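This report describes a structure with its sequence, chain by chain and element by element.

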Amino acid sequence: MADLNPISVWRKFLSTPNESRVKTLCVAFIVSAACALMVTAATVVLRPIQAQNRAAEQEARLEALIAAVPGMAELVGAAGGAALSTVVVDLRRGTAAAEITPETLQAALSDPANWTEIAPGDDVAGIRSRPDFAQIYLLREGERVSLAILPIVGTGYNGRIQALLALNGDMQTLAGIAITEQSETPGLGARIEEPRWQQSFAGKQLFDAAGSARFTVARGQARTDHEVDGITGATRTSNAITQMVRFWVGPHGYGPLMAAIRRREF
Amino acid sequence: MAAAEGLWGTLTAPLIRQNPVTLQILGICSALAVTTSLDTALTMATALTVVIVCAAGVISLIRAHIPAAIRLIVQIIVVASMVIVVDQFLQAFFFELSQRLSVFVSLIATNCIVLGRTESFARANPPLRSMVDALGSGLGYGLVLVVIGATRELFGAGRLLGIQLLPLAEEGGWFTPLGLMLLAPSAFFLLGGLVWAMRSLWPEQVEDTEFSPHEIASQD
């Protein structure tokens, strides 16, 4: 008669020689199951706290960017912080996205249908494909948009660079930049994180009179008002910043949206 | 009494006499990568110590029932799970630090010190003794990380734990930071120097030469 008492079955299992096939399989299964349980528990329990951290970090970067733009802190402060509105935009048409809210943006972007491949010739920022929707921040003064904060992304020397680019209401003058994610070489390319360098973006002009993007991170000192100082020893990182700014203010980036803001459609 | 002394010996041996980094030259990849500042070095050392102690305890508990054929896989899966838990914990409660450590916490799973201790010690010893041995190895690794991390942060940025100790020339002080200290090669130089210093102080750590250079016949 088969013994069904779990304790004695367990004892019998433990006393089986280690080299038997059944025991090998069972040990492998039990260890995997226990480990899977531990990992899952840790992930599930800690996920809300991690999401909170990420949101707080994004918030802090945005606040730092606003603080860095001259006169902006007072403007936002005067309106009680509510002046800065969050908008999800459709990059293809340059309009506010009708169905997608900041809450559903993550879900929408996990669908490959909402991404557009960039042809290699146009892909100056080295990102290969671009989301069709992006969450931007607008500051209004009466009816007019006086500041737009646009998330941009590009490929640097060691990996992806993410940043928030702040443009004045004329969509021509830069108000500031905040690097939100980078993995450039410490001491060289990673100096794009330095506030002093980021502050030099304020007041720079994006386009020339003919309307083509002229913004450049210079080699060495900035000479024109389209240029910011280059970072010594980090030519590739400097070029990457130039390319990503130019890409995102161009026709495949926020170009249509910026045209709509210039036409006062926002 | 003898047992306690044995445990004390197990704990202290890997600190200097049997240091896993400087004597066995194990785990130097992460030792080079995370030592640009003291706080990342401390966090990494703590994370590794927690992982190695827990893994050694678990492996030692089930040591009698690990089939030899799959012993390495069992050890790796236990270690890897611990690493994921520690990584998730850091992301939840030390978000900023975990951003800076990026992938290196996950790479503890491949750290030779961890697998080395579970394979060579925890598989043959009772839990308490294994955990003490693992703690010693973790602290030995941490000690090297802290020494190198402190040196790099102090001379590379004039700070320790983010507190400015040496006034920077840029801000009107006298200290010009050594940019090299923040780059990976400096960790090699420092680690090399540390190994050299330790082997000069404790000559018994010097390995026998495996190859002797050829005698060049003198031509007279």
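Buried residues make up 29% of the 266 residues in chain A; a residue counts as buried if 20 or more other C-beta atoms, placed from the backbone, lie within 10 Å of its own. The model is predicted: local features need pLDDT of at least 70 and side-chain atom pairs count only at pLDDT 80 or more, while totals for chains, interfaces and linings use all residues. Residues are numbered from 1 along each chain as its sequence is written, and chains are lettered from A and ligands numbered from 1 in the order in which they are written.

Chain A has 7 helices and 10 strands. Both are DSSP runs numbered from the N terminus, helices being H or I with at least four residues and strands E with at least two.

**Strand β7 of chain A**

| Partner strand | Sense | Bridges | Residues between strands | Positive phi |
|---|---|---|---|---|
| β6(A), residues 144-155 | antiparallel | 9 bridges | 4 residues | A:G159, near 160° |
| β8(A), residues 174-181 | antiparallel | 6 bridges | 5 residues | A:M171, about 60° |

Towards β8(A), A:L165 stands opposite A:I177.

**Contact between chains A and B**

In chain A, 21 residues are in contact with 21 residues of chain B; contact means that the C-beta atoms, placed from the backbone, lie within 7 Å. Helix α2 of chain A, residues 21-68, gives the most to the chain A side, with 16 residues. That side divides into 11 nonpolar, 7 polar and 3 charged residues. Here Ala, Val, Leu, Ile, Met, Phe, Trp, Tyr, Cys and Pro count as nonpolar, Asp, Glu, Lys and Arg as charged, and the others, Gly among them, as polar.

**A helix pair in chain B**

The axes of α4(B), residues 71-93, and α6(B), residues 112-122, come within 10 Å and cross at roughly 135°. Axes are lines fitted to C-alpha atoms, for helices over the stretch in contact, and angles run from 0 to 180 degrees between N-to-C directions. The contact is made by B:Q75, B:I76 and B:V79 of α4(B) with B:V114, B:L115, B:T118 and B:E119 of α6(B). These residues divide into 4 nonpolar, 2 polar and 1 charged.

How values were computed
Two residues are in contact if their C-beta atoms, placed from the backbone, lie within 7 Å. A residue is buried if 20 or more other C-beta atoms lie within 10 Å of its own, exposed if 12 or fewer, and partly exposed in between; C-beta atoms are placed from the backbone. Two strands pair if DSSP finds at least two bridges between them.
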